Amino acid sequence: MGGASARVPAKINLHLGVGPLREDGYHELSTVFCALSLYDDVTVRADDYLSVTVTGDGRRDVPADRSNLAARAVFALAEYAGLPDANVAIEIAKQIPVAGGMAGGSADAAGALLAAARLWRLDIEREALMEIAATLGSDVPFALLGGAALGTNRGEKLLPMLHRGELHWVIVVAKGGLSTPAVYQELDRLRAGRGEAVPPPQRPDELMVALASGDVHAVAPLLHNDLQPAALSLQPLLRRTLRAGKEAGALAGIVSGSGPTCVFLCHDEDASIAVAAELSGLGVAKAVRTAHGPVPGARLTPMH
Ligand code: C5P
């Protein structure tokens with residue numbers, strides 16, 4: 001029986017502009033995605049029934065059944081291809097923090113799509129794969145695309161962006177997780193409390209120019225996340241983490257997506273290693289890692 005594996009990067013949002021709540025329960029976004037060198041590996045093998053096995057960090061917090069986003073991806077692909085069943089054994093080896101605002105579940109869905117398409121030898125266009133990805137979650141298309149991209153609508157409409165050089169990051173994984181819908185709801189609550197009308201999100205032109213220039217000092221002051229006040233409201237201790245990262249020498253730090261992971265941009269790789277060492281010693285986090293990006297999106301790999 002055959003199998004196939006895919007490796008998929010985590011994402012962070014260098015800019016996350018959130019518009020008003022829409023009728024469909026989503027928010028209009030204008031976001032700059034960046035794929036980072038922190039990966040989940042997804043392997044699918046032909047089997048008599050569907051199963052999901054998760055190994056690595058946070059495995060106990062990932063559902064190992066049909067509700068897993070990777071399993072839903074395999075079902076969606078089988079349905080698209082008109083296959084009678086989607087019976088595969090899915091193995092997910094996690095490095096991406098679970099419920100951390102780095103699109104770990106979306107990465108697993110993207111990996112399952114790629115690997116299952118190879119396993120079943122489907123001749124499927126990239127465009128069609130991206131459409132199936134968008135039905136699974138707002139961040140799944142970007143997990144396939146990778147690099148740096150402007151995301152609009154729910155975040156699933158993507159425009160690849162020019163970028164030069166590598167940015168070096170420290171990733172601080174918080175002790176708990178945060179639910180993405182809960183963080184969006186908290187943002188709506190905070191905004192309602194202020195009683196102001198919420199404008200549509202603006203395209204971050206300055207950041208796009210800075211990324212194309214490859215100048216880390218131009219990028220650093222432009223990092224922005226509209227969800228950050230909501231994540232901080234739900235986990236006030238993150239303020240301490242953000243302060244500690246700056247004090248340790250990072251150029252800038254933000255909450256990643258809906259959090260609670262915080263990411264810190266550093267001058268270069270050596271600086272990121274020094275900042276990570278300092279933050280590790282403080283005991284504010286579950287784990288501290290370094291990563292670089294933008295890196296390419298999901299790709300097939302030799303079987304694990
Ligand atoms: O698309 P996804 O399933 O990843 O979204 C999870 C939840 O995050 C949504 O149900 C919604 O509550 C919130 N969300 C949002 N606006 C977006 C993307 C996600 O409100 N653009």
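Two residues count as in contact here if their C-beta atoms, placed from the backbone, lie within 7 Å. Keep that cut-off in mind for this tour of a predicted model.

**Stop 1: A110.** Select A110 and show its neighbours. Leaving aside residues up to four places away in sequence, A110 touches V8, A133, V140, A143, L144 and A298.

**Stop 2: the helix pair.** Now select helix α2, residues 104–119, and helix α3, residues 126–136. Their axes come within 10 Å and cross at roughly 145 degrees. The crossing of α2 past α3 is right-handed. Show side chains at the contact. From α2, pick A109, A110, L113 and A117; from α3, pick L129, I132, A133 and L136. This contact is made of 8 nonpolar residues, with no polar and no charged ones.

**Stop 3: the core.** Widen the view to the largest nonpolar core, which has 95 residues. Highlight A70, V74, A110, A112, L113 and V170, the residues with the most contacts inside this core. Domain 1 (3–161) and domain 2 (167–293) each give the core at least three residues.

**Stop 4: the two domains.** Colour residues 3–161 as domain 1 and residues 167–293 as domain 2. The domain centres, taken over C-alpha atoms, are 22 Å apart. In the contact between them, 30 residues come from domain 1 and 35 residues from domain 2.

Stay on the domain 1 side. Select β1 (3–21) and β2 (27–46): each supplies at least two residues of the side that touches domain 2. Then colour that side of domain 1 by residue class: 19 nonpolar, 9 polar and 2 charged.

Technical notes:
Residues are numbered from 1 along each chain as its sequence is written. This is a predicted model: local features need pLDDT of at least 70, side-chain atom pairs count only at pLDDT 80 or more; totals for chains, interfaces and linings use all residues. Axes are lines fitted to C-alpha atoms, for helices over the stretch in contact, and angles run from 0 to 180 degrees between N-to-C directions. Helices (H or I, at least four residues) and strands (E, at least two) are DSSP runs, numbered from the N terminus. A crossing is left-handed if the near helix is turned anticlockwise from the far one by less than a right angle, and right-handed if clockwise. Ala, Val, Leu, Ile, Met, Phe, Trp, Tyr, Cys and Pro count as nonpolar, Asp, Glu, Lys and Arg as charged, and the others, Gly among them, as polar. A nonpolar core is a set of buried Ala, Val, Leu, Ile, Met, Phe, Trp, Tyr and Cys residues joined through C-beta atoms within 7 Å. A residue is buried if 20 or more other C-beta atoms lie within 10 Å of its own, exposed if 12 or fewer, and partly exposed in between; C-beta atoms are placed from the backbone. Domain bounds come from an automatic or database domain assignment.
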